[in-house]
Amino acid sequence: MKTRLIGTSIGLALLLWFNNAMAILTIEITQGVEKGLPIAIVPFAWEGANKPAHDIAQIVEVDLVRSGRFTSLSPKDFLSYPQKDTDVDFKDWRLIKAEALLIGSVRELKPGRYQVEFRLFDVFKKAQLAGYRYVVGSEMLRAAAHQISDIVYEKLTGEPGAFSTRIAYVTKEVSNRTHIYKLQIADSDGYGPVTAVKSKEPLMSPAWSPDGQKLAYVSFERKRSMVYVQNVADGKRQMLAEFEGINSAPAWSPDGRRMALTLSKDGNAEIYIMELATRALRRLTRNSAIDTEPAWSPDGRQLVFTSDRVGQPQIYRMNADGSGVERLTFEGSYNARPSYSADGKTLALVTLQGGRYHIGTLQLDNLALQTLTDTQLDESPSFAPNGRMLLYATEIRGKGVLASVSADGRTRHTYRFEMGEVREPAWSPYNQQLRYKE
Amino acid sequence: MVVTQAIRISHDHPEGGIKPFAYSLAIHLMIVALVGLSFHWSASNQILPQHIIKAVIVEQGATEPPKEEKKTEEVKPKEDSKQKKIEQEKARELEKKKQTLAEEKKRKALEVKKKQEAEKRRKQAEQSLQEMLQQEEAEAQQAAKAAQAASLVDQYKVAIRQKVSRNWVRPPAARSGLQCMVRVRLVPSGEVLEAKVVRSSGDTVFDRSVENAVYKAAPLPIPQDTELFDFFREIEFLFSPED
Amino acid sequence: MMKKFWMLATVVSVLLLAACASQQPAGDTPVDEGAQTSGAGADQGMDAGDVSSERVVHFEFDSSAIDAEGAAIVEANAKYLNANTSVSVRLEGHCDERGTREYNLALGERRAKAVERMLKALGVSGARIKTVSYGEEKPVDGDHNESAWRQNRRVEIKY
């Protein structure tokens, strides 16, 4: 029976062929490998007397690999080291199975002034995908490198890169028995931190304004929590909330005109919206439970927040007028600190799984919860503006550090900092102006 | 955006002018020539399998699946009818002979001549029959070979699918529902001469990943047998990701 | 459920004890000079004296319920406050590092308010009590283990 079936099917196959003599054999591919796109980054050529401290190719490589979307091939395996486009022999790169090739050069024009040039090639198409030349001062070399990363990322993934953005975070150092808290602003790779606020009392909850020009944060400098708003450029600041009780969890509305806050001035932690122009307050939650950690949906119509109204912290969503409250998380005994991805489809959150606090994502269409990390005490997840990565705080060997994870959970990276504990990272929006202090 | 000013640089030398244009023209001409050449190539190749196929269809009927047992059955009845035909011919000849013997002995010379001619025709008929039989035998063999080829082709298809899948770095954008068709031309070594998207997914990154997968999978595992290779000279990959 | 009952029982017994305590002559307790003049953050401004040297109430994880041990401490401090009516108190709520910072800030406040409620129930005027929460920002033990977490889940009673 079986052989006959096989015979028949072969016969049918033959028949199909014979009838469609002109038809081309078609092979369907449904599976691929989920890994980074293999890219070869050739160390940039250097021309000049005073070699700069920053290795552009290396900065680009770290950026790309950290995103989880690329695999960088080892220069040891390269068959050639082209420096100009005319040096490129695509065969060399096809052989080592690089899909993309990045070459470039740095030339010193005069002391402290450089010409940076790069070209990105599609190895198999033998075509240049991008090529730019910059003239920058030494203080802008890293910015140029991150911009190269952004261009390479966008050309090869079709999505904008987020390497030229910045991050804000809080550090805690102990010296002579006193604590020093700092609100820092650094490049997306953690390099070049600049102190925005320094205090002997705790600092918390940095939040970028949608235009990237301001930071809201919580400071205990007056012995209790109060919310301040500070310009990134000149450091000027103003007190936003100093009500009785706690003043915390600032979250800018997407239009930048309102601030969601958690206040306990009416006796219990509740969520309010403040019109920034008039300082008028509107209370959104009325519940004897803790309601806090508000975050706006990208369209500004809804907010998600944490509430323990069922006896343990879970995530809820409500309309921006406080109506239509619905619970979103049902898995596990602790889900908190939600924030939206830029496309509004996913929430990042902190979730307690098996006695450990992990970073997770919640798909809003089906409320599926995915855990992205496997360390413990992970907290403060913050989406990159392109939604492809999350920054969060974790603890390694008793010390608070920052780490990033790709949105699919495949690639994780720990940031290295020299001093103290690092916590509460907040990823800036796209349009944050890069500012470099020497 | 960053404060730095960027100057876009093209693949050609920034000096521009007539030189790059000339290069480009030359390359394009070369491409056109190559495409033309390859077109010719693939066209002539397609005739080969078609030839075999035609023969089988005519002899065995277009709707009959070429089962091996049936082939021999079908060949026999044809043999019978042909032999009958020949027997009838023989009988007629004999009658003719009798008539001429009885009627005229004078025309012996003519008779001999006729006999010789008849003999000649008989031999010719036998020979043509033999040829027909041989041809049919060959055709049956070819059909069997084609059936064998079909399963071999399937085996190679599986091997190719596996190798291309292994080399396909699937971008996150490639979710189920998106499809991309790429047409690939191969040389007998399995190297990819060209991989061209013939039906785009609409996502350039997905399309590029698909082309790269094919190039990276090269050389593809294809049959050494030149007749079998003809099936693989030009193949299409339908990338249809499943979650 | 059992826990809640136990809590209720504790509160009731503390209230009874407090009622007894308030009937005792106030003159027995010498007024501490430092306590009277102490402003914010003067934690060492008060000597043990008759006042309980225990000025920290501990809590279970994600809870603001005061257990028997904690209730005894609150009661002792209520006694002192009732004897020294010019003294004001600052209640600082704290959490361990587990869970999110903003949630813990609210939880710390809830703990401080639980102690405040009990002090009020024991006869201390609300006008003399200030509550503040530091959430998980000021641990007394910087380690990352159960014993450190137990120490850090607390309300500090500061004069």
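Chain C and chain A bury about 2600 Å² between them, 56% of it on carbon and sulfur atoms; buried area is the accessible area (1.4 Å probe) that two parts lose on being put together, summed over both. C:Arg101, C:Glu102 and C:Tyr103 supply 26% of the area that chain C buries against chain A, more than any other three residues. This is a predicted model, in which local features need pLDDT of at least 70 and side-chain atom pairs count only at pLDDT 80 or more, while totals for chains, interfaces and linings use all residues. Residues are numbered from 1 along each chain as its sequence is written, and side-chain values use heavy atoms, without hydrogens and water.

The interface is tabulated below.

| Item | Value |
|---|---|
| Chain C residues in contact (heavy atoms within 4.5 Å) | 25 residues |
| Chain A residues in contact | 41 residues |
| Salt bridges between chain C and chain A | four salt bridges |

A salt bridge is a side-chain nitrogen of Lys or Arg within 4 Å of a carboxyl oxygen of Asp or Glu. A:Glu201 forms one with C:Lys138, with the closest N and O atoms 2.7 Å apart. Helix H4 (101-121) and strand E3 (129-135) of chain C each give two or more residues to the side that touches chain A, and H4(C) gives the most, with 10 residues. Helices (H or I, at least four residues) and strands (E, at least two) are DSSP runs, numbered from the N terminus.

Chain A also holds an open, antiparallel sheet of four strands in the order E27-E28-E29-E30; strands pair if DSSP finds at least two bridges between them. Strand E27 (379-383) and strand E30 (412-414) of chain A each have a single partner strand, so one side of each lacks a neighbour in the sheet.

Definitions and conventions
Chains lettered and ligands numbered in written order.
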